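Subject: Structure handover and notes

Dear colleague,

I am passing on the structure below, together with notes on what was found in it. Please read the notes with the model open beside them.

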Amino acid sequence: MESLRMIENWPVPTAAAAVVRADGGVAGSHGPVDHRFPLASVTKPLAAYAALVAYEEGAIELDEPAGPAGATVRHLLAHTSGLAFDEHRVMAPPGERRLYSNAGFEVLGDHIAKATDIPFAEYLRQAVLEPLGMTSTSLEGSPAKDGVSTVADLARFAAELQAPRLLDVRTVAEATAVVHPGLKGVLPGYGHQVPNDWGLGVEIRDGKSPHWTGRNSSPRTFGHFGQSGTFLWVDPQARAACVALTDRAFGPWAVEVWPVFTDAVLAELALGR
């Protein structure tokens, strides 16, 4: 795909990207796809997927208590537990505000580790990474932000998100639909969003503006970006997903180039139908 060559002009030392079709085929890739990059918050969809495997295995329930009083696993996954961004401090009652929370995912990791009697990083490896052949991916700390992976590995995960093998398709549909609709919140790097819609561990694009995806991304687009200059989105309408990893921290450069890049990818996909 010619559009992927746009990453050569990004103001970053290293970048790699790939597009994965809904059938799991790689439509194109560019850059060092086997280079390991810190994922930052693109770790969260991986952690969430492991949580959903634990749910389907019967180790946890989505609506069982977890985290602050009154909160559940579902609240933690949807950033509605009321926990603060990066500290284990309650800022609001569960379900009332969309408070983006690394702490919530850390509580979630601890909860699953206790329920399964397996350290969360190891559970993630056994439940998600190993079955998908993501041999270059590891969790090296917080389930919220300390994943390390490659474009080649995340392309496998992007294929799984579009045609699930590890989870029931109904579970993935629930995870990629809005949880607690209508809540206000802050999208890190983009300010207040009304509504600030999320699923279970993934952000839902809907009509958010400004946004890190493209102007022409469908409202059903879901995914995540990371402060290490990384993103993964799935656009069900386009029947494709895109992964881009860099080694430059998120900032104004990303706000400028990511949406243009995504729109170019979507345009090329539409031409190829």
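The notes below cover backbone geometry, pockets and aromatic contacts, in that order.

This is a predicted model, in which local features need pLDDT of at least 70 and side-chain atom pairs count only at pLDDT 80 or more, whereas totals for chains, interfaces and linings use all residues. Residues are numbered from 1 along each chain as its sequence is written, and side-chain values use heavy atoms, with hydrogens and water left out.

Backbone geometry

Most residues other than glycine have a negative phi, and most peptide bonds are trans. A cis peptide bond joins Val194 and Pro195, with omega at about -5°, and Pro195 is found in the loop between strand 7 (191-193) and strand 8 (203-204); helices (H or I, at least four residues) and strands (E, at least two) are DSSP runs, numbered from the N terminus. Another cis peptide bond, with omega at about 0°, joins Ser209 and Pro210, and Pro210 is found in the loop between strand 8 and strand 9 (222-226).

Ala40, although not a glycine, has a positive phi of about 50°; its place is in strand 3 (residues 37-40), and with a relative accessible area of 12% Ala40 is buried (buried means under 20% relative accessible area, exposed over 50% and partly exposed in between, with a 1.4 Å probe and protein chains only). Arg239 is also not a glycine and has a positive phi of about 55°, but Arg239 lies in the loop between strand 10 (230-235) and strand 11 (240-246) and counts as exposed at 54% relative accessibility.

Pockets

A pocket is, on a 1 Å grid over the protein atoms alone, an open set of points where a 1.4 Å probe fits, with protein on both sides within 12 Å along at least five of seven lines, and lining residues have an atom within 4 Å of a point. Grid points are joined across faces, edges and corners, and a volume is the space filled by probe spheres set on the points.

The largest pocket has a volume of about 370 Å³. Of the 19 residues that line the largest pocket, Leu161, Thr176, Arg220, Phe222 and Pro236 are the closest to its centre. Helix 5 (151-162), helix 6 (169-175) and strand 10 are the elements that give two or more residues to this lining, and the largest share, three residues, comes from helix 6. The lining of the largest pocket divides into 13 nonpolar, two polar and four charged residues, where Ala, Val, Leu, Ile, Met, Phe, Trp, Tyr, Cys and Pro count as nonpolar, Asp, Glu, Lys and Arg as charged, and the others, Gly among them, as polar.

The second largest pocket has a volume of about 200 Å³ and is lined by 13 residues, of which Arg97, Arg98, Leu99, Gly185 and Val186 lie nearest its centre.

Aromatic contacts

A search of the whole structure finds 15 aromatic pairs (rings of Phe, Tyr and Trp, the last by its six-membered ring, pair if their centres lie within 6.5 Å, and planes under 30 degrees apart count as stacked, over 60 as edge-to-face and the rest as tilted). The rings of Tyr49 and Phe157 have their centres 5.3 Å apart and their planes at 85°, so the pair is edge-to-face. Because Tyr49 lies in helix 1 (residues 43-56) and Phe157 in helix 5, the pair ties together parts that are 108 residues apart in sequence. Both Tyr49 and Phe157 are buried.

Best regards
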